[in-house]
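Okay, thanks everyone for coming.

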Amino acid sequence: MTLRFECRLDDLPGFRADAVLGNTVFEVLKDLRDARRLRTTLLEMARIAAGAEKRRGVLVLDNPRITESRLREEWEGAASVIRPDIFRKLSLVIRQAGQISENPPLPAREHNALEDVLSGTCPGRTVRPTRGSEAFYDVLRLLIHQWLLGRGPVAIKWLMETAGASHPTVSNALRRLDHCLTRHSDRRVELRFFPREEWVRLLAVSDKARGTARFADRSGQARSPESLLRRLQKLQRSDVAVGGIWGAKHYYPPLDIVGNPRLDLSLHCPGKTPDFSFIERLDPALAHTERRDEPASLVVHLVQRAKALFEPGEEGIQWADPVECLLDLHEARLEPQALEFLNSFHATKGGR
Amino acid sequence: MPADKLTKLVSPRAVLKQIATAIPTGCRENIIVIGSLAAGFRFFGNDPKLYVLTKDVDCLLSPRVEAIAAGQAVAESLFEAKWRYHPTDEFPAPGTAKTKENSLPVARLDPPESTDWFIELLTVPESENDLDQRQNRIETSQGHFSLCSFGFLSLCEYKPLMTEFGIAVARPEMMALANLLHHPEIGAQTMSGLIQDRRIKRSNKDLGRVLALAWLSEASETDALLGWPALWRDGLQTKFPSHWRNLVRRVGAGLRQLLEPENEPDLEEARHTCEFGLLASKPPTLEVLRVTGKRLLVDAVEPLERLAL
């Protein structure tokens with residue numbers, strides 16, 4: 001039985017479950033502070049459980065900011081208004097300071113899936129690089145990276161090691177890109193031109209492919225990107241690099257843009273759950289948000305291939321690679337700047 | 001937002017000017033205004049339309065060696081200018097020569113023709129080891145009073161900010177530090193008066209003040225909190241040279257306790273005091289106060305703890 005994430009349920013159009021294992025639907029609330037949201041979610045879970053005879057609902061609270069007594073009150077309150085036959089199909093799981101409590105205790109297969117449910121529903125969920133479509137985009141990005149920087153053809157071995165993908169996976173990706181590749185006699189490959197069609201497809205799925213996570217200010221006094229950057233420098237993290245506008249300007253200083261509304265970072269987390277703990281050090285007032293209409297002070301993009309390709313800078317800063325920066329500009333809807341940045345490279349001007 | 005009958009909206013600038021005018025010129029340098037009025041002047045002083053909700057103006061007499069004489073001179077001068085003793089239910093009249101030190105009323109005086117606020121005279125402890133509350137007698141023509149000293153008030157003496165009126169106000173950073181040290185844990189003691197009809201724990205009020213000062217500092221200057229650790233360390237080394245490192249260990253304890261999820265009712269009390277105090281013009285939510293507290297820990301408390309290693 002496979003654990004699936006972000007699944008639709010046929011009887012609930014418009015709804016996407018955080019995770020599904022067989023007949024069990026998991027919903028995860030992280031850092032819950034609002035009792036009203038808890039009540040709403042409990043009713044939603046009841047609706048989910050009522051939708052199919054054998055379906056169960058498991059509500060997982062990860063690091064809730066509501067007291068235990070209040071949580072118990074809300075759970076008991078829900079029990080008093082939900083039909084007993086439906087309430088029996090619900091469970092509440094709380095993870096606090098690494099400890100897990102279950103009410104009532106989960107069946108073994110649900111209990112065993114909890115760790116994956118929790119790590120799989122982290123902000124910017126890890127997309128396992130061994131899955132075909134994500135590996136294809138990793139290979140595509142690497143080829144564009146080499147092409148933009150005029151570094152010439154690359155060996156398949158280099159692609160495998162840098163992407164962290166197998167030979168068959170890389171070969172499949174290269175076959176899909178055959179029409180825009182030059183294959184040298186020594187089996188090295190390079191792009192002949194910028195692969196616009198594939199690039200547009202990548203842009204369409206880049207949020208998911210890159211596991212982008214947005215963080216908004218909760219203090220009412222958002223820190224400037226400059227302030228966040230100063231703090232990042234002090235952290236001296238080797239797995240974090242600056243992208244977005246700053247990164248683009250690192251590669252192309254004349255980029256036509258004034259100001260910088262947010263900080264884009266690339267976080268290198270090859271094949272593992274991303275560690276966002278450093279964000280609390282940048283600003284404890286930053287909280288993950290999934291609302292696109294909420295301005296984000298910080299946006300973190302995951303780099304999940306084996307090698308980060310960060311470029312070392314000065315004073316504790318690393319720079320994300322130019323393809324990441326270009327994707328960041330698109331994600332920020334800075335289309336003119338993205339085009340200007342792309343065209344700034346010698347390769348796109350037709351030179352090599 | 002209505003004020004209760006004890007707490008009024010006052011203009012920090014106007015009050016400081018009135019105090020400075022009434023105090024002998026020679027004594028002005030002995031006065032450091034602390035508390036909400038000091039914070040109000042620092043953060044709102046340039047805007048004549050902004051007011052602070054307060055009922056008392058705490059004036060620290062400094063340095064200690066001159067405090068008694070200065071306290072007497074200040075009180076006499078204020079009495080001459082028609083200031084009056086501020087009576088309370090517990091102390092309806094000034095003390096006399098027969099009144100024991102610990103039964104003397106605190107030196108609190110109302111300005112002429114107003115009961116919107118009163119001045120309260122305090123002083124600093126005699127030494128770094130003297131952290132208990134002490135009552136120091138001052139004799140005036142109107143009776144005997146107590147010049148109270150306690151705990152970490154001496155930190156407010158450290159690099160105060162001089163105003164154009166010739167009297168100084170304590171730095172918000174040092175007032176915050178004093179409050180943090182006063183409350184290494186949330187105690188059960190409550191305020192003697194209500195704050196907008198609510199009985200509030202003393203710890204929650206003072207720690208709420210710390211959060212308000214942190215919030216206002218960040219609002220007035222980007223990354224202001226980053227400058228607090230060095231100032232705190234220097235202030236502690238100056239005022240508590242023999243055991244400042246021990247004190248550093250307790251700086252964050254009460255704040256961390258306040259931010260624990262299970263202590264949300266205490267944080268709510270702190271929020272309430274902010275709403276009816278320094279942050280009256282921009283009442284914070286619980287979440288805002290919580291993240292402000294976390295910012296203070298990350299930017300100021302933790303770096304201070306590292307400096308003390």
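Let me start with contacts, meaning heavy atoms within 4.5 Å. In chain A, 69% of the contacts with a separation of 6 or more are between residues 24 or more positions apart.

Before I go on, some housekeeping. This is a predicted model, where local features need pLDDT of at least 70 and side-chain atom pairs count only at pLDDT 80 or more, while totals for chains, interfaces and linings use all residues. Residues are numbered from 1 along each chain as its sequence is written, chains are lettered from A and ligands numbered from 1 in the order in which they are written, and side-chain values use heavy atoms, with hydrogens and water left out.

So, chain A overall. It has 13 helices and 15 strands; those are DSSP runs, H or I of at least four residues for helices and E of at least two for strands, numbered from the N terminus. The radius of gyration of chain A is 23 Å, close to the 20 Å from the globule rule for 352 residues, so chain A is as compact as a globular protein of that length. That radius is taken over C-alpha atoms, and the rule is 2.2 Å times the number of residues to the power 0.38. Along the principal axes, the C-alpha atoms of chain A fill a box of roughly 70 × 45 × 30 Å.

How much of chain A is buried? Buried residues make up 55% of its 352, where buried means under 20% relative accessible area, exposed means over 50%, and partly exposed is in between, with a 1.4 Å probe and protein chains only.

On to the interface. Here 18 residues of chain A are in contact with 19 residues of chain B. The two chains bury about 1800 Å² between them, with 42% of that on carbon and sulfur atoms; buried area is the accessible area (1.4 Å probe) that two parts lose on being put together, summed over both. On the chain B side, Glu287(B), Lys294(B) and Arg295(B) supply 33% of the area that chain B buries against chain A, more than any other three residues.

Thr292(B) is found in helix H11 of chain B, residues 286–307. Is Thr292(B) buried or exposed? It's buried, at 5% relative accessible area. Leaving out residues up to four places away in sequence, Thr292(B) touches Leu211(B), Ala214(B) and Trp215(B).

Most residues other than glycine have a negative phi, and most peptide bonds are trans. In chain A, the bond from Asn103(A) to Pro104(A) is cis, with omega near -10°, and Pro104(A) sits in the loop between strand S6 (99–103) and helix H4 (108–120). Chain B has a cis bond joining Ser62(B) and Pro63(B), omega about -5°.

For positive phi, look at Glu113(B), at about 60°, and Gln196(B), near 50°. Glu113(B) is in the loop between strands S6 (108–110) and S7 (118–123) of chain B and is exposed, at 82% relative accessible area. Gln196(B), in the loop between helices H5 (172–182) and H6 (202–220) of chain B, counts as buried at 18%.
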